[in-house]
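Student: Could we go through this structure together, one question at a time? I would like to see how each answer is reached.

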Amino acid sequence: MSLVTQMRCFKAVCETGGFKAASRLLSINQSTVSRHIANLEQHLQVTLVYRSTHLMTPTSEGENYLQYCD
């Protein structure tokens, strides 16, 4: 998986507020989006998003990293 793809997924999750909406935006499977975000977090060794049952929001580290995803 490329870092660029993982960054696109992270940006889409932040813009849409969730994995399901991001998967529709990117036309990929929701589990793939989740896997990309998990791999990116593991690569960076930080938590990028707060996960709840209804909404995903970026952590402070995630907000900072989002600037690099444009």
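**Cysteines, rings and overall form**

Tutor: Cysteine 9 is buried, with a relative accessible area of 1%, where buried means under 20% relative accessible area, exposed means over 50%, and partly exposed lies in between (1.4 Å probe, protein chains only). Before we go on, note that this is a predicted model, in which local features need pLDDT of at least 70 and side-chain atom pairs count only at pLDDT 80 or more, while totals for chains, interfaces and linings use all residues. Residues are numbered from 1 along each chain as its sequence is written, and side-chain values use heavy atoms, with hydrogens and water left out.

Student: In which helix is the place of cysteine 9?

Tutor: Leaving aside its neighbours within four places in sequence, cysteine 9 is in contact (heavy atoms within 4.5 Å) with Leu26, Ile28, Val33, His36 and Ile37. The C-alpha atoms of cysteine 9 and alanine 22 are separated by 7.0 Å, although these residues are 13 apart along the chain. As for the element that holds cysteine 9, it is helix α1.

Student: How many disulfides does a search of the whole structure find?

Tutor: A disulfide is a covalent bond between the sulfur atoms of two cysteines, and here the term is applied to a pair of cysteine sulfur atoms within 2.5 Å. The sulfur of cysteine 9 has its closest cysteine sulfur in cysteine 69, at 10 Å, which is too far for a bond. For cysteine 69, which is buried at 11% relative accessible area, the closest cysteine sulfur is that of cysteine 14, at 7.5 Å, again too far for a bond. The search of the whole structure therefore gives a disulfide count of zero.

Student: How many aromatic pairs does the count come to?

Tutor: The rule is that rings of Phe, Tyr and Trp (its six-membered ring) pair if their centres lie within 6.5 Å, and that planes under 30 degrees apart count as stacked, over 60 as edge-to-face and the rest as tilted. By this rule the number of aromatic pairs is two.

Student: How many residues apart in sequence are the parts that the pair of phenylalanine 10 and tyrosine 65 ties together?

Tutor: Phenylalanine 10 and tyrosine 65 form a tilted aromatic pair, with 6.0 Å from centre to centre and 50° between the planes. Helices (H or I, at least four residues) and strands (E, at least two) are DSSP runs, numbered from the N terminus. Phenylalanine 10 lies in helix α1 (residues 3–16) and tyrosine 65 in helix α4 (residues 60–66), so the distance in sequence between the parts tied together is 55 residues.

Student: Is tyrosine 68 buried or exposed?

Tutor: Tyrosine 65 and tyrosine 68 form an aromatic pair that is tilted, at 6.4 Å centre to centre and 45° between the planes, and Phe10, Tyr65 and Tyr68 form one aromatic cluster. Phenylalanine 10 is buried at 0% relative accessible area, and tyrosine 65 counts as buried at 14%. Tyrosine 68, by contrast, has 61% relative accessibility, so it counts as exposed.

Student: Which element of the protein has the highest mean pLDDT?

Tutor: The pLDDT is the predictor's confidence in each residue, from 0 to 100, and its mean for the protein is 93, with 99% of the residues reaching 70 or more. Among the elements, strand β2 (residues 56–58) has the lowest mean, 89, whereas the highest, 96, belongs to helix α3 (residues 30–44).

Student: What is the radius of gyration of the protein?

Tutor: The protein has four helices and two strands, which follow the pattern α-α-α-β-β-α along the sequence. The radius of gyration is taken over C-alpha atoms, and the globule rule is 2.2 Å times the number of residues to the power 0.38. This rule gives 11 Å for 70 residues, and the protein is close to that, so it is as compact as a globular protein of that length, with a radius of gyration of 11 Å.

Student: Near what value is phi of glutamine 45?

Tutor: Most residues other than glycine have a negative phi. Glutamine 45 is found in the loop between α3 and β1 (49–51), and it is exposed, with a relative accessible area of 72%. Its phi is positive, in a residue other than glycine, and lies near 60°.
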